[in-house]
Amino acid sequence: MARGRRRRRQKLKLKLSALYTFALCSKGSSDDHSSRIGTTGFSRVVYVNEPSRHDEEGFRYPLNEVSTTKYNLVTFVPKSLFEQFRRVANFYFLVSGILALTPLAPYTAVSALLPLGVVIVATMAKEGIEDWRRKQQDNELNNRIVKVHIGNGHFEERKWKNIKVGDVIKVEKDSFFPSDLILLSSNYPDGICYVETMNLDGETNLKIKQALEETLHLEEDNGFVNFRQTIKCEDPNANLYSFIGTMEWKGKQYNLSPQQLLLRDSKLRNTDYIYGAVIFTGHDTKVMQNATDPPSKRSKIEMRMDKIVYVLLSSLLVIALLGSVFFGVWTKKDLRNGKMKRWYLRPDDTTVFYDPKRATLASFYHLLTALMLYSFFIPISLYISIEIVKILQALFINQDIKMYHEESDKPTHARTSNLNEELGQVDTILSDKTGTLTCNMMEFIKCSIAGIAYGQGVTEVEKAMALRKGAVSGAEIENMEYTDKKNDESPHIKGFNFKDPRIMDGNWTHEQNSDMIRDFFRLLAICHTCIPEVDEETRKVTYEAESPDEAAFVIAARELGFEFYHRAQSSIIVRERDPITNVVKDRKYELLNVLEFSSTRKRMSVIVKEPEGRILLFSKGADSVMFKRLAPTGRKFEEETKRHINEYSDSGLRTLVLAYRVLDDNEYMEFSEKFNTARTSLSADRDQKIEEAVESIEQDLLLLGATAVEDKLQKGVPECIDKLAQAGIKLWVLTGDKMETAINIGFACSLLRQGMTQIIVTLEAPDIIALEKNGDKESIARESKQRVMDQIEDGIKQIPSPSQSSRESFALIIDGKSLTYALEDDVKFKFLDLALKCASVICCRSSPKQKALVTRLVKHSHRVTLAIGDGANDVGMLQEADIGVGISGVEGMQAVMASDFAIAQFRFLERLLLVHGHWCYRRISGMICYFFYKNVTFGVTIFLYEAFASFSGKPAYNDWFLSLYNVLFASLPVVALGVFDQDVSSRLCLQYPGLYQEGVQNILFSWRRIIGWMLNGVMNAILIFFFCTTAFGLQAFRQNGQVADLNALGALMYTCVVWVVNCQMALSVNYFTIIQHIFIWGSIAAWYLFIVGFGALAPNLSTTAYMVFTEQLAPALSYWLMTLFVVVATLVPYFSYAAIQIRFFPMFHNKIQWKRYLGKAEDPEVARQLSSRHRTSSNQRMVGISARRDGKAMQITREADQELQG
Amino acid sequence: MNGQAAGSSSGGSGDGGAAPRRNTRKPKYSKFTQQELPACKPILTPKWVISVFVLVGVIFVPIGLVSLMASRKVVEIVDRYDDACVPPNTTDKLAYIQNPTISKNCTRTLTVPKDMDAPIFVYYQLDNFYQNHRRYVKSRSDTQLRDASKANDTSTCDPESVANGTAIVPCGLIAWSTFNDTYGFVHNSKNLTVDKKDISWKSDREHKFGSDVFPKNFQKGPLIGGKTLDPNIPLSQQEDLIVWMRTAALPTFRKLYGRIHTDLKKGDSITVALENNYNTYSFSGKKKLVLSTSTWLGGKNDFLGLAYLTVGGLCFFLAFAFTLLYLIKPRKLGDNNYLSWNRNPAGR
């Protein structure tokens, strides 16, 4: 408290609201609000400072406790069970589990229900743990502390969850609002406060909120002693930007607007404290109302897996039906004319299940039995195993030290584990630009003052351009950088990368237009809306700015000797170093008006009065609006400046034009009067009047120059894009920037290069612009659409069909306005067609909605899309895409919250996709194939045995053998495969990006492969069954003459199955760590341990397995010989197939494995050869640094040819 | 190249580790978490493939030879008697077998093809008999067989659980239908004793069939199935029953009947005096009498030996074929013209 007061004293009270032109002037604009209060949807009544009165009057408002958990103690069991049994396979197991309790069951109920129980409990435990984590997060929020008025002007700390509607609370600087509040007052006399809404919309700039004038004076704790108000307002809703309510106080009514509403999850900034009245709590708050469940995404592989389950289920049904028919026929034959055929079954005296007289019914019941029996075709543990595997995979992704960003201390975070394998199948990446490709860190790098260009820094883009032109080799670039660094003795100042001895360190005074230079920097120091913050100890000034550009300007001004030091109520203090006397002195500018920036105005201005009394209008804005506003006398340097601007934007810089104007007193008085009448007018056209007034003063400007700010490319972006391009992944850039900037960034990232044909779709044609001025909306739309159509069709014509081999590549660049038409239903597929044929696509000036629509459009072509972005404007795109990747960078958390994977830097995408994506894809697909293989093998042996047991439903195996197969003896190796297998090491994955195509083209999970695995399973089962039955069928299998009974044969067959599936696994594993060894051989050992242990139990427990191994099988040499024989004989076909395939029909990963084996994989020449051979036929690699190199080489040869011919 | 640069730089840059950040979220390095565990990365090189095939061949062929020899050493006499033991002019075999008044005695003469060393195992072989039918397999009560006090525990034995109001011991279809043909052997006009001891599994005798459980009320129902049991001998000694109750896996099966501890010489003739009681005629099942010696491998079964020989031979052949393939089509390992995915559009 004391600290707060001290700070307050230090800071002069600001009442900026009087200055700002647009932001705050629209308060309480219309009166029709109050009329709606009390009607449906506007029924909330809040008694401020009397929270207990609501209960008394019968208003039931929820607590401020929020819960984002899916379950609670009561609902957990039923709800999570319901979730599980929605999966068709699990439902099938549930039904067969229930049926197992009836006499229909071919096995004992407990043996069937136990594995199901294990699987269900494991899944529930997983759900429970996840929910528990959410609960803990909620608890953390709910137990945050805030000060609440408890009466008599005393405020007490309370937990968030205990806040009630009607409480008056005090929120201090840099803390979050616990609920939706009505702002009553703040430490600023005009009741404004700054709010950061990063968690809501991802925007980092601060928003200004203002209390009603009537409540301003409540600035002390004891002001609330007898404070009573009634607020009536709308019911809870999800609209963040609207609010309707009235405040009744001291018999008067006042309208409330969004301007007074502080939302939960936003943060108080630059304001010491505020007082607010709680109106919405807990789940009533707007942010909670907004919380929708993110769309649940499932990977393509999982969808295909569901299909496999269906295929298996239906084939299961078919064989069950087949068996039932046979069973029915044979049962019917058992009793004919009173004569029993198989008399030992007593068909004359039987239950319905075997009754020859009711054979149809019996065979129907048998169908149910068979469905239960063949349930071993469907791996019961499939889903849980996959989930476990994916969680472990996600853990590996999170743990990857090479995807950890040291500067921001952010590791990669897989927010969902559902999509790991989808990462290996990405075909198209849709990327945001700002903050994703670029750092969103603006650096003041160049400027043009009075027609002279200053600034010697080399931009990333210029480096790339230099490379592109081939002017400098890579080594020289590095030198450039090196010298750069050497010169850079002073520590790097964030946001400032300007070097020019001509104007630095006060040298500007010696330049010829020194007064213009002075005005230029003054403008930079004054014309903005930043707020300085002085560190009390070091006296250093930092700035709080709405946009990084502005911060860069103020910092630049500071570094060049014009330190914006203090912002007071209506003045700005700039510390200027006098160049002649070299004395630092404060210059106080009286701030008269601020005409803020808006996207329609594209400029901002301030009007200030110099200490000397001159009134100045400083203005900065986009070139398109600024040049129009210059006075004829102010155009002296127009030509040069324009040229410089073009140069700057050519090198990917953001430019702004700076101009000023001197106002004489009369002129200003006139404006001021006009402006004030406009502001205070209550008529509907008020806004327009203000606009007119402002427009009139922002004329006849004198050009000072232009600034160039670099939007820095993130580290490693061009290299990463090159790798992704080599992997055959297409990159589309969707940006809100203007076309020139976008194209520049495109060049910088090597998405565009020389020799690439640019197909530009735009509506910036003069005739269209002319038409727009006429303003007939319909004809504009019609004409524009036609234009877009034509341009798209032209583009398609330019591109040769794939049959004509051409090395030419194309880039499509389309602007937002055209995109609106291109995304209309009748055009969009043509647009898509064109876009897919182009090597790179850049959409500029696109809105968040368009980004999402483009993503949806690409999804139409059944390609896996990955969207990557960092801002709130990318949320739609991230949610729409198959995979959303959020950059956990400087912008808000919104994108990360909506994403599936969060990475700190764009370049990590390379490793995420090429290494983890590829591995996960191959692991999951291998794992699923193997899962079905092992169950088909097992199931077919059961089925074949049925055929020899007159389809009566008697399994060959003991009940527990059956049920433990999926749980114990064949489950862990496949999990190990899913978690650990790698075809090639991560380094080789990156070295051979072409490997990634295996996932994109889904080679490892094609139907051919899946069916191949299943057929392998069927074949294995047939071999096992016939080998075992032939060997152990009739004769004695031991020296002392005993024959094998059902138990012995079953155990033998089971032994063989366990051996075969595990050895098959050992054969197909590419990467044998100790873990695989433990799991594979451990599973086999587990079987022997089990059969010994289980067989030693009392016979009433072990039933048919009693002593079967120790007494019957183990002493028999033939048993061991059979095991050896069956395992080898069954696997010989697969082994031969694999040997031929890897040698004569190697897949790409096989080739790399060969290279690695030969020790040649590291050889860059071999790598280049291998990769280039692999891409010859596809025209994928048209972008990226390497493509540029290849393109250049081609160009040189072509030129040489021409020279020869000429 | 670039990837490495990008990758390593992230580790190297940063705040230089001068002041180790507290609570850093940097993942801890371990070979496990970075998925760099030492591993064997097998690849099927020609050397490997050929040596595996040769190895399998080298192991399998001798095993096959030994097994085959063992199997060939076994002497087996199989005699089908179900048809032969019905008087030739019987039209309705079923009526014949079901008629308890007719004597079912029958004499068969067997010639010993080779010397047979004791012990000689006597089996009966039934055909088309579904001992593995689910109804049949389930129709027994293990608790009752084991425990004298649980005699009434016959719930699983339908329809042979109760006769004349009291529980049947042993109950169930299996016991009820126990095989009841009997064999007597005469060799050189001397009776060959058939040793019927220890023809069942020891664990069955000791743990599954109680020594204090006696047959009770057995075969007293309206239908007589098979063998009757002496109510004075405990179940644990009723070895025929125990053997029978070990249900066979397949519809054609042999079961041990007894052992003969006399050597037989080649050309000897054995007269079998059998009682043809068991009804296999209703389901047209064959009945066979089998006399067989055994070796370490068990009975006469060429399959194992042949199978081993076949697979061993196949492996030799494959080793040869692969050697040829590798020689004829040596693939230069830089030859990557084969674009696996461009060839199979089915991959989509």
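This is a predicted model: local features need pLDDT of at least 70, side-chain atom pairs count only at pLDDT 80 or more; totals for chains, interfaces and linings use all residues.
Modeller: Residues are numbered from 1 along each chain as its sequence is written, chains are lettered from A and ligands numbered from 1 in the order in which they are written, and side-chain values use heavy atoms, with hydrogens and water left out.

Biologist: Is D432(A) buried or exposed?

Modeller: D432(A) sits in the loop between β17 (428-431) and β18 (438-449) of chain A; strands here are DSSP runs (E, at least two residues), helices are H or I runs of at least four, and both are numbered from the N terminus. Buried means under 20% relative accessible area, exposed over 50%, partly exposed in between, with a 1.4 Å probe and protein chains only. Because its relative accessible area is 4%, D432(A) is buried.

Biologist: With which side chain does the side chain of D432(A) make a polar contact?

Modeller: Contact means heavy atoms within 4.5 Å, and D432(A) touches residues including L734(A), I868(A), D870(A) and D874(A), not counting residues up to four places away in sequence. A polar contact is a pair of N or O atoms within 3.5 Å; within protein, one must be able to donate a hydrogen and the other to accept it, and residues adjacent in sequence count only if both atoms are side-chain atoms. At 3.0 Å, the side-chain partner of D432(A) is K851(A).

Biologist: What is the length of the polar contact between the side chains of T941(A) and Y957(A)?

Modeller: T941(A) lies in helix α29 (residues 908-947) of chain A and is buried, with a relative accessible area of 0%. Leaving aside neighbours within four places in sequence, T941(A) is in contact with Y957(A), A1021(A), F1025(A), M1053(A) and V1057(A). The polar contact from T941(A) to the side chain of Y957(A) comes in at 2.8 Å.

Biologist: Against which helices do the buried residues of α31(A) pack?

Modeller: Helix α31 (residues 972-980) of chain A is mostly covered, with eight of its nine residues buried. Among them are P973(A), V975(A), L977(A) and F980(A). Their packing partners in chain A are α11 (382-399), α29, α35 (1046-1068) and α36 (1074-1096).

Biologist: Which residue takes a positive phi in the hairpin of β2(A) and β3(A)?

Modeller: Strands β2 (residues 145-151) and β3 (residues 154-159) of chain A run antiparallel and are joined by six bridges; two strands pair if DSSP finds at least two bridges between them. I145(A) has K159(A) as its bridge partner. The hairpin has two residues between the strands, and the one with a positive phi, near 55°, is N152(A).

Biologist: How far apart are the centres of domain 1 and domain 2 of chain B?

Modeller: Chain B has ten helices and eleven strands, and 51% of its 348 residues count as buried. Its domain assignment gives domain 1 (45-74 + 296-328) and domain 2 (77-293), with bounds that come from an automatic or database domain assignment. Taken over C-alpha atoms, the centres are separated by 40 Å.
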